[in-house]
Every structure is written in structure tokens, then in C-alpha cells.
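This report concerns a predicted model.

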Amino acid sequence: MGVTTPTGARAADAARAGPGPRRPWSRVSAVLWRRPWARATLLLTPPLAWFVLIYLASLAVLLVTAFWTTNPFTTNIERTWTLSNFATILGTPAYRTIILRTVAMAAGVTVVDAIIAIPFAYFMARIARPRTRTVLFVCVLLPLWASYLAKVYAWLLVFTHDGVLNWALGKIGIGPLNLIYTNSAVFIVFCYIWLPYMIIPVYAALERIPASQIEASQDLGGRTGRTIRSVILPLALPGIVAGSIFTFSLTLGDYITPLLIGGGNSTLIGNVIDSNVVYNLPLAAAMAMVPIAIMACYLLVARALGAFREI
């Protein structure tokens with residue numbers, strides 16, 4: 001017979017006694033393990049509740065406020081249901097001009113950023129070496145780490161009458177350009193600020209294109225232009241549309257850049273909302289519904305094109 005050590009005796013006693021009492025957290029873990037839907041519910045409930053409380057509730061309040069009016073004498077909000085704010089927006093030529101200018105500005109910024117981003121992203125995804133790709137990624141992402149106001153004020157120093165741009169043009173004998181406080185200056189700043197938001201989704205789409213499809217197009221006699229039109233652009237279209245969601249929506253609702261760079265000569269939807277929040281909140285809420293409606297239609301088109309796969 002062998003000799004039983006004290007440690008062996010304790011192990012034998014524990015084996016005969018059976019498993020000890022289970023801790024509460026282990027029971028919860030076992031329940032969640034057997035029910036995947038419970039894990040998903042527990043994980044998603046806090047962010048979804050926050051989303052509903054903060055975002056959807058605020059949109060509902062905004063929509064309701066758009067149907068109220070402001071007393072012209074007391075400036076108090078009168079909670080009577082009316083469509084007068086929407087009639088004012090659609091019936092005033094100045095407001096219609098501002099809406100069309102904003103949509104045209106957002107569409108133009110989206111097109112220009114796409115034209116710049118597609119070849120840049122293609123070089124990053126298909127041509128650049130890993131080290132070069134890393135450097136380009138840093139160049140794209142680095143401006144996102146800087147303050148939005150710092151970037152806008154930097155462009156303000158560039159475009160001002162005695163700024164860097166006119167100083168450089170004066171050195172080569174070209175007269176000064178009066179870009180400050182113009183729509184052209186606002187357009188340039190928008191293109192610069194939102195360009196990274198176009199490059200990243202386009203790069204993600206181009207990187208996922210199988211090299212075999214490009215090689216097959218070349219083997220079948222497709223030249224570079226035909227391969228780009230028939231293979232690369234159709235496969236990269238969801239990424240382009242995904243990037244356009246960011247550039248279009250961010251331009252549509254921005255009011256800081258038009259205020260600082262455009263001054264009083266560049267008024268967009270965001271500036272109208274900002275100027276009416278204090279004195280005529282229902283009109284500001286009604287005007288805020290305009291970009292929301294535009295983006296709702298835009299997102300429906302983007303969803304049909306499969307853009308949400310690249311976001």
C-alpha cells in the first residue's frame with residue numbers, strides 16, 4: 001500500500017465532496033454562454049438606449065418645434081401647430097437661394113474630393129510599398145488630429161489680403177487675389193477639410209478589389225482606361241458613395257467655415273439656423289429639417305448602391 005500525503009488526502013476529500021458552490025457571476029456567464037441573443041442584448045442595450053435618448057429624442061423635439069411659431073412682439077414660443085415656418089422657407093427667395101447654394105456647394109466639394117481621392121487612394125492601395133503606404137496614411141490621418149478651428153484659422157491667414165498666398169504671388173509678379181470672404185475660399189477650405197473622409201472609404205474599397213479581376217481584364221486586351229471604367233470604378237463605387245456621405249453631409253450642415261472664411265458674403269443653411277436659434281427657434285428648427293430631409297434621400301440612394309458596406 002502506498003502512503004497518502006496530506007496534499008493527496010485533501011485532494012481526495014475534495015473529490016468526494018463534489019464541486020463547491022458556484023459564484024453568482026459564473027452562473028450569469030453560463031446563462032449568457034448558452035443564450036447568444038442574451039449576450040447581444042446585454043451588449044447593445046446601453047448604446048442603443050443612449051442613441052434613442054440623445055439623438056432620436058432630440059430629432060423628435062426638433063421636428064415638433066418646427067411646427068410652432070414665435071410671437072413677433074414678445075418673442076415667446078407659441079405652441080400652436082402651423083406650417084407657416086415651412087411656407088416662409090419655401091416662399092422666400094432668399095431662403096431658396098441659400099438652400100440651392102448650400103446643396104451646390106456640398107455637391108461640388110463631394111465631386112472635387114472624389115476626383116482627388118480616387119487616384120490617391122488607388123496609389124496607396126495598389127501601387128505604394130508598405131513603408132510608403134504607412135507614410136501616406138499618416139499624411140491623411142494627421143490633419144484629423146488637429147483642431148477644426150485651427151485648420152480654418154490657418155486658411156484664414158493664407159487667404160487674407162496680406163497673407164501667405166498674396167505674398168507668394170507678389171514674389172513672382174502676380175497681382176494679389178481677393179479670395180478672402182468669398183464663396184471660392186469657402187469651397188477650397190471645405191475640399192481640404194473633408195478630403196480625408198473621402199480617401200479612407202475609397203482606399204478600403206480599392207484594397208478589396210481582387211488582383212485577379214484586374215489581371216483578367218488586361219489578359220482580355222483591356223487597356224488601362226477600359227480597365228478603370230469597366231472593373232475598378234464599378235467595384236470601388238460603394239466606397240466612393242460612402243465617402244460622399246461624409247463630405248456631402250458635413251458640408252451641408254457646416255456653419256463655422258462660411259462664417260470665418262466667407263464672412264457675410266457666404267451664407268449657407270447652417271448660418272441661417274445659427275442666426276435664428278436665439279430669436280426664432282421654430283424657424284431655425286424648420287430650416288434644420290431641410291438638410292435632414294436632403295440627407296435622408298441621399299442615404300436611400302447610397303444604400304441602394306451598397307455604400308454602407310464600406311463605412
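## Packing of α10 and α11

Helix α10 (residues 211-219) and helix α11 (residues 224-253) have axes that come within 10 Å and cross at roughly 165°. Because angles over 145 degrees count as roughly antiparallel, α10 is roughly antiparallel to α11. The crossing of α10 past α11 is right-handed.

On the α10 side, Q213, I214, S217 and Q218 make the contact, meeting T227, V231, I232 and L235 of α11. By class, this contact has four nonpolar and four polar residues, with no charged residues.

## Aromatic pairs

The model has 10 aromatic pairs. In one of them, F190 and W194, the ring centres are 6.5 Å apart and the planes lie at 15°, so the pair is stacked. Both residues belong to helix α9 (residues 183-207), where F190 and W194 are four residues apart, about one turn of the helix. F190 is buried, with a relative accessible area of 0%, and W194 also counts as buried, at 6% relative accessibility.

F248 and Y298 form a stacked pair as well, with 4.7 Å centre to centre and 5° between the planes. Since F248 lies in helix α11 and Y298 in helix α14 (residues 281-304), this pair ties together parts that are 50 residues apart in sequence. F248 counts as buried at 6% relative accessibility, whereas Y298, at 23%, counts as partly exposed.

## Aromatic cluster

Ring pairs also link Y148, F190, W194, Y197 and F246 into a cluster.

Notes. Residues are numbered from 1 along each chain as its sequence is written. This is a predicted model: local features need pLDDT of at least 70, side-chain atom pairs count only at pLDDT 80 or more; totals for chains, interfaces and linings use all residues. Side-chain values use heavy atoms; hydrogens and water are left out. Axes are lines fitted to C-alpha atoms, for helices over the stretch in contact, and angles run from 0 to 180 degrees between N-to-C directions. Helices (H or I, at least four residues) and strands (E, at least two) are DSSP runs, numbered from the N terminus. Angles under 35 degrees count as roughly parallel, over 145 as roughly antiparallel, 65 to 115 as roughly perpendicular and the rest as oblique. A crossing is left-handed if the near helix is turned anticlockwise from the far one by less than a right angle, and right-handed if clockwise. Contact means heavy atoms within 4.5 Å. Ala, Val, Leu, Ile, Met, Phe, Trp, Tyr, Cys and Pro count as nonpolar, Asp, Glu, Lys and Arg as charged, and the others, Gly among them, as polar. Rings of Phe, Tyr and Trp (its six-membered ring) pair if their centres lie within 6.5 Å; planes under 30 degrees apart count as stacked, over 60 as edge-to-face and the rest as tilted. Buried means under 20% relative accessible area, exposed over 50%, partly exposed in between (1.4 Å probe, protein chains only).
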